[in-house]
Amino acid sequence: MRFYKKVLGASLAFTMAVSMMACGNNDNTDTPTQSNQKEVPTIDKINVGEDYQDINAEIKVLTNRTDIVDTVYKGYAEEFMKVYPNIKVTYEGVTDYEESLRLRLTTGDWGDLCFIPTSVSKNELSDYFTPMGSYSTLDPIYNFCTEKTYEGTVYGIANGGTASGVCYNKKVWKDAGIDTLPTTPDEFLEDLQKIKDATKGKSVPLYTNFADGWPMGAWDAYIGIAATGDADFMNNTIVHMKDPFAKREDMSGPYAVYYVLYEAVSRGLVEEDPASTDWESSKRLINNGEIATMVLGSWAVEQFKEAGDHPDDIGYMPFPVTVDGKRYAGSGGNYAFGINKKASADNQIAAMVYTKWLIEESTIYQDEGSIPALKSGELPDALADFEGVELLSDNPAAEGEETLFNDVNNESEVGINNDDYPDCAILEAALYKQKTLDEVMEEWNKKWSSAQESLGVEVNK
């Protein structure tokens, strides 16, 4: 395990260094605010515990983690305030986070620090958030900065990162007689059937969390690197590709991912009534073995471990696709911290100081079992089953095509990684026998081609 971490850490450092997009220069980041002309520093220029002890501010942090906002997160604030007694930090837990933040950001009166919602496009980042620094300075220090970068400037630092894989209850899988983890879609489905037969309905083989909507979006995270081994796929390949959702002979690519979801539903290997699922209770259910498997990022592992009396039963496996005899997993950032550019200069500075303390001095990554924002950080034990799996991050889009994926995705209305989650449509098609997967994928290919034509995108034959 120690050797694996060392190799994987080196791989991460290399692939992320190659893949990070230019995040700007300091010339356009250290600008004074209009309110009082006080300079807001970039995050790299702050020495935590030494600088800005004279700042007096009260800052509010918005978070989607309503389950720990008054415990763990409150604890972080209390520890920080021991170092900076003149900066008061309070948290606000927000339910229906994405929808709420979509509305609140436009007012500018939402607080000082938040997790940047996925609905904010890269070209909108500068409308809401304070620049954090430049690529030449931040890239050697932090992972995942490319994800919240536009035209060379970093607007958000990831609250850790995740690997793309599958959460599972190790005891349930073992008791079903499964000794080797699956490496192909069909092997995975066969294992789910074994679990259904062995547990006689006492454990849901694959829990979708359909009713909450957002967990279904996790499936989209696997159609790139995990299904293709191509770090360019999501930002470069798919936008110029003809029929990206078509079935491949080797059962790789996006089709293979959606095949797993469709077939699991069609074969009755999911919960009896997907419309009645509940995210919060699902954590306890997978902990005690009433759920065998959930397709979610590695960020969920610690939450599942903490949800009951069986933390050692929770494991994490690579997504079951093999490309040319090799396994891959995508690695990306969780929600990124973003600072309100419309807050006062003192509050922006205080929020920048708190952000740096969180990502470099607090125990947030150990507590959440996530890949640290710091490149020098230790990888989590949750990735123990990823030995031999190459962990990659998405390469940035080509210059001049930074928003092309979003443009094609939105124009086509396929909606990958959007709030409407096309994965939900796949589940419904399978559940109600509305369409075959091939029919759904054919529709998506037509929509994608139409969007490419409408936008004048060159298509590689």
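At what angle do helix 10 and helix 16 pack, and how far apart are their axes? In this predicted model, local features require pLDDT of at least 70 and side-chain atom pairs count only at pLDDT 80 or more, whereas totals for chains, interfaces and linings use all residues. Residues are numbered from 1 along each chain as its sequence is written, and side-chain values use heavy atoms, with hydrogens and water left out.

Helix 10 (residues 253-266) packs against helix 16 (residues 422-431) at an angle of about 35°, the axes lying 8 Å apart; axes are lines fitted to C-alpha atoms over the stretch in contact, and angles run from 0 to 180 degrees between N-to-C directions. The contact (heavy atoms within 4.5 Å) involves Tyr258, Leu261, Tyr262, Val265 and Ser266 of helix 10, together with Asp423, Ile426, Leu427, Ala429, Ala430 and Leu431 of helix 16.

The protein chain contains 17 helices and 14 strands, defined as DSSP runs (H or I, at least four residues, for helices; E, at least two, for strands) numbered from the N terminus. Its C-alpha trace spans about 65 × 55 × 45 Å along the principal axes. Of the 461 residues of the protein chain, 56% are buried, that is, under 20% relative accessible area with a 1.4 Å probe, protein chains only. Among contacts between residues at least 6 apart in sequence, 79% join residues at least 24 apart. The accessible surface of the protein chain, from the Shrake-Rupley method with a 1.4 Å probe, amounts to about 19,300 Å², and carbon and sulfur atoms account for 45% of this surface.

Key:
Buried < 20%, exposed > 50% of the residue type's maximum accessible area, 1.4 Å probe, protein only.
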